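Hi,

Here is the structure I promised to pass on. Have a look at it first, and then read on for what turned up.

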Amino acid sequence: MAHRVCPYWVGYLLVSPFRRLMHNPEEILRPFIATGMTVLDIGSAMGFFTLPIAKMVGPDGKVVCVDVQEKMLKSLQRRALKASVADRIITRVCNPTSLCLGDFVGTIDFAVAFAVVHEVPDARSLFAEVFQALKPGARCLIAEPKGHVSAHEFELTLAAAEQTGLRVVGNPKIPRCHAALLGKDQEGNR
Ligand SMILES: C[S@@+](CC[C@H](N)C(=O)[O-])C[C@H]1O[C@@H](n2cnc3c(N)ncnc32)[C@H](O)[C@@H]1O
């Protein structure tokens with residue numbers, strides 16, 4: 001699988017309002033997000049999903065955004081200020097081999113990894129960190145673009161997730177993406 005990190009300028013395309021015609025963040029995420037939640041946005045870039053999530057979690061919720069590109073997160077912060085939701089967004093620059101979420105262990109109600117897993121060098125280690133960060137019973141939505149990721153590669157991604165203790169608990173339909181809902185069991189067992 002290609003592990004090339006998406007260039008900064010692509011971030012501007014990803015937040016284009018036209019993208020909503022194909023990927024409407026509210027339609028995709030509303031079933032999983034409630035007010036007051038702490039949501040993890042993995043590879044958030046400039047925040048196409050982050051800002052709608054911040055509105056969905058409301059003033060008592062939080063969105064934790066991790067990305068390897070600081071410039072993406074700086075742009076996200078500017079957009080969050082404009083949208084008056086910056087107070088509930090935490091940004092963190094991570095590195096390619098770690099999400100650097102040691103201080104968020106067991107605190108995340110829901111995670112989303114949209115179009116990012118194929119850019120990560122070691123999916124299994126990513127999912128191991130996601131497993132640690134999720135609360136027992138919490139879920140994680142992953143979506144991978146069919147243009148970049150074959151069906152076989154997506155199967156391998158799901159197998160890597162299952163090796164860490166996450167289970168496939170749903171198969172949401174997202175246009176032009178392979179998608180799966182992963183869950184950590186209620187007891188938090190692997
Ligand atoms: C194709 S963009 C998708 C952005 C966003 N999720 C969306 O759908 O609009 C992938 C993002 O993941 C980030 N990324 C790449 N490798 C990463 C890693 N190892 N950990 C965290 N973020 C990463 C990139 O910097 C980029 O911002």
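A residue is taken as near a molecule or strand if its C-beta atom, placed from the backbone, lies within 6 Å of it. Please keep in mind that this is a predicted model, in which local features need pLDDT of at least 70 and side-chain atom pairs count only at pLDDT 80 or more, while totals for chains, interfaces and linings use all residues. Residues are numbered from 1 along each chain as its sequence is written.

Let me begin with the ligand. There are 21 residues around the ligand, and Gly 43, Ala 45, Phe 48, Phe 114 and Glu 119 come nearest. That shell is made up of 16 nonpolar, three polar and two charged residues (Ala, Val, Leu, Ile, Met, Phe, Trp, Tyr, Cys and Pro count as nonpolar, Asp, Glu, Lys and Arg as charged, and the others, Gly among them, as polar).

Next, the sheet. Seven strands form an open sheet in the order E3-E2-E1-E4-E5-E7-E6, and the pairing is mixed. Strands (E, at least two residues) and helices (H or I, at least four) are DSSP runs numbered from the N terminus, and two strands pair if DSSP finds at least two bridges between them. Strand E3 (89–93) and strand E6 (167–170) are at the edges with a single partner strand each, so one side of each has no neighbour in the sheet. E3 pairs with strand E2 (residues 62–67) in the parallel sense over five bridges; Cys 65 has Thr 91 in E3 as its bridge partner.

On the sheet packs helix H5 (residues 123–133), which touches strand E1 (38–42), strand E4 (108–114) and strand E5 (134–145). Contact here puts the C-beta atoms of two residues, placed from the backbone, within 7 Å.

The largest nonpolar core has 55 residues, of which Ala 111, Ala 113 and Cys 140 touch the most other members. Such a core is a set of buried Ala, Val, Leu, Ile, Met, Phe, Trp, Tyr and Cys residues joined through C-beta atoms within 7 Å. Buried stands for 20 or more other C-beta atoms within 10 Å of a residue's own, exposed for 12 or fewer, and partly exposed for in between. Leaving aside neighbours within four places in sequence, Ala 111 contacts Leu 40, Ile 42, Val 130, Ala 133, Leu 134 and Cys 140.

Finally, Met 22 sits in the loop between helix H1 (10–14) and helix H2 (25–29). Met 22 counts as exposed because it has 10 C-beta neighbours inside 10 Å.

Best wishes

Technical notes. Axes are lines fitted to C-alpha atoms, for helices over the stretch in contact, and angles run from 0 to 180 degrees between N-to-C directions.
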